[in-house]
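Hello,

I am handing over the structure below. My notes on it follow.

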Amino acid sequence: QVQLVESGGGLVQPGRSLRLSCAASGSIFSIITLGWYRQAPGKQRELVASIANGGSTNHADSVKGRFTISRDNAKNTVYLQMNSLKPEDTAVYYCNAHTFQTGEGSMDYWGRGTLVTVSS
């Protein structure tokens, strides 16, 4: 199993920045990709950005040029740097680990989420 703990959310004014962190523990060796998802009130959870073991990244069109995902393998931590925040970025942000283990197949693990509120 993989455990994920997010931190870094909060209230921020439009145009400002925040950095989210997600520390992974447990069966780290089984992680294929780490990612950030978000869910706004009344909306479905959506992918924000993901990063594979090899370092390749994927960012949603709505955050390209503003958000950047990165990972520190030594610390088993994934980050989401969020710049030029907009009110529509307000959501609960969830860390995700997609894993694969022989005998278990693919699994998805989730953190508890951290709230980001963008408001003046």
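How many disulfides does a search of the whole structure find? The search finds one, a disulfide being a pair of cysteine sulfur atoms within 2.5 Å. Before the details, note that this is a predicted model, where local features need pLDDT of at least 70, side-chain atom pairs count only at pLDDT 80 or more, and totals for chains, interfaces and linings use all residues. Residues are numbered from 1 along each chain as its sequence is written, and side-chain values use heavy atoms, with hydrogens and water left out.

The disulfide links Cys 22 and Cys 95, with 2.1 Å from S to S. The angle about the S-S bond is -85°, a left-handed link. Cys 22 belongs to strand 3 (residues 18-26) and Cys 95 to strand 9 (residues 91-101), so the pair ties together parts 73 residues apart in sequence. Strands are DSSP runs of E, at least two residues, numbered from the N terminus. Both Cys 22 and Cys 95 are buried (under 20% relative accessible area; exposed is over 50%, partly exposed in between, with a 1.4 Å probe and protein chains only).

The whole structure also has one aromatic pair. The ring centres of Tyr 37 and Trp 110 are 4.9 Å apart and the planes stand at 70°, so the pair is edge-to-face (centres of Phe, Tyr or six-membered Trp rings within 6.5 Å; planes over 60 degrees apart are edge-to-face, under 30 stacked, the rest tilted). Trp 110 is partly exposed at 37% relative accessibility.

The charged end of Arg 45 sits over the ring of Trp 110, 4.6 Å from its centre (NZ of Lys or CZ of Arg within 6 Å of the ring centre and within 35 degrees of the ring normal).

Regards

Key: Helix = DSSP H or I, 4+ residues; strand = E, 2+ residues; numbered from the N terminus.
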